[in-house]
Amino acid sequence: EKILASPNDTSLLVQRKNYFLKRKQLEAAQIDIEYLFQLDSLNYNRTFDLASTYFSLAESGKPEYYNKALNVLNVSRVTEKADLPSLLMRAKLYYIFKMYEFSLTDLNNALRINKYVAEAYFYKGLNFKEMGDVEAATPQFQTTVEQDPEYGPAYEQLAFIYASNNDPLAELYFDNALSVDSSSVSLWYNKGKYYQDNGQLS
């Protein structure tokens, strides 16, 4: 009712946007966030909010929003500000779109801001792996779990790498990944497939 009376009151729009986000009503929040961005498209926080919402929508099953998120972040004011959250998000988007060199540039810049961010090392590893450089990818995944021992996906990537070399360390990394998330069906399957490939059928 207040917004109907004052449709351009940004403080009210922000309150309603936060209300929707807290309840994970992304489509409802999107309407307010897009309008806030329209009212002040030069505001960095509005730019980042819009990109974050598009990214969340994409992850919720609407992949067409990945491109929208990247378009929002590919503006000069984001590059000039170069803060950690925007660099990490854009690096993930570049990775999704197979723009590996751009992704690595943003990840390296993110690590210059904070060298302890496990997620940045993980995505560096993914980029190197997709580029065919497993030798460069391996230490990135190892650094990921050094920075965050609960980072299960990095253990799984290490398990894949060691399994491809028939190295029994693969089993240890599968176990580490399962200790972080024992509810992952794909992890149980991949560990079972590793045993099968190595003749451990029982």
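## Helix H13 and its neighbours

The buried residues of H13 (buried meaning under 20% relative accessible area, with a 1.4 Å probe and protein chains only) pack against helix H11 (152-164) and H12. Contact here is heavy atoms within 4.5 Å, and helices are DSSP runs of H or I with at least four residues, numbered from the N terminus, while strands are E runs of at least two. This is a predicted model, where local features need pLDDT of at least 70, side-chain atom pairs count only at pLDDT 80 or more, and totals for chains, interfaces and linings use all residues. Residues are numbered from 1 along each chain as its sequence is written, and side-chain values use heavy atoms, with hydrogens and water left out.

Which residues of H13 are buried? They are Leu-187, Asn-190, Lys-191 and Tyr-194. Because they cover an arc of only 100° around the axis, they sit on the same side of H13; the arc is taken over the directions from the helix axis to the C-beta atoms.

## Getting in and out of H13

Ser-184 is in the loop that links helix H12 (169-180) to helix H13 (185-197). Its relative accessibility is 14%, so Ser-184 counts as buried. The Ser-184 side chain also reaches the backbone nitrogen of Leu-187, at 3.2 Å.

As for H13 itself, its 13 residues reach 18 Å from first C-alpha to last, close to the 18 Å expected at 1.5 Å a residue. The expected span is 1.5 Å times one less than the number of residues. Just past the end of H13, Gly-199 takes a positive phi of about 75°.

## Helix H2, towards the other end

Helix H2 (residues 10-22) also has 13 residues and reaches 18 Å between its first and last C-alpha, close to the expected 18 Å. Buried in H2 are Leu-12, Leu-13, Lys-17 and Phe-20. Their arc is only 135° around the axis, which puts them on the same side of H2.

These buried residues pack against helix H1 (2-5), helix H3 (26-39) and helix H4 (44-59). On the face turned away, Gln-15 and Lys-22 are exposed. Just after H2 comes Lys-24, with a positive phi of about 55°.

## Two nonpolar cores

A nonpolar core is a set of buried Ala, Val, Leu, Ile, Met, Phe, Trp, Tyr and Cys residues joined through side-chain atoms within 4.5 Å. The largest one has 37 residues, and Leu-88, Phe-122 and Phe-141 have the most contacts inside it. Elements giving two or more residues to this core include helix H7 (84-96), helix H8 (100-113) and H13. Apart from it lies another core, of 21 residues, among them Ala-29, Leu-50, Ala-58 and Tyr-65.

## The chain overall

The chain has 13 helices and zero strands. Its C-alpha atoms fill a box of roughly 70 × 35 × 25 Å along the principal axes. Of the 202 residues, 44% are buried.

How values were computed: Buried means under 20% relative accessible area, exposed over 50%, partly exposed in between (1.4 Å probe, protein chains only). A polar contact is a pair of N or O atoms within 3.5 Å; within protein, one must be able to donate a hydrogen and the other to accept it, and residues adjacent in sequence count only if both atoms are side-chain atoms.
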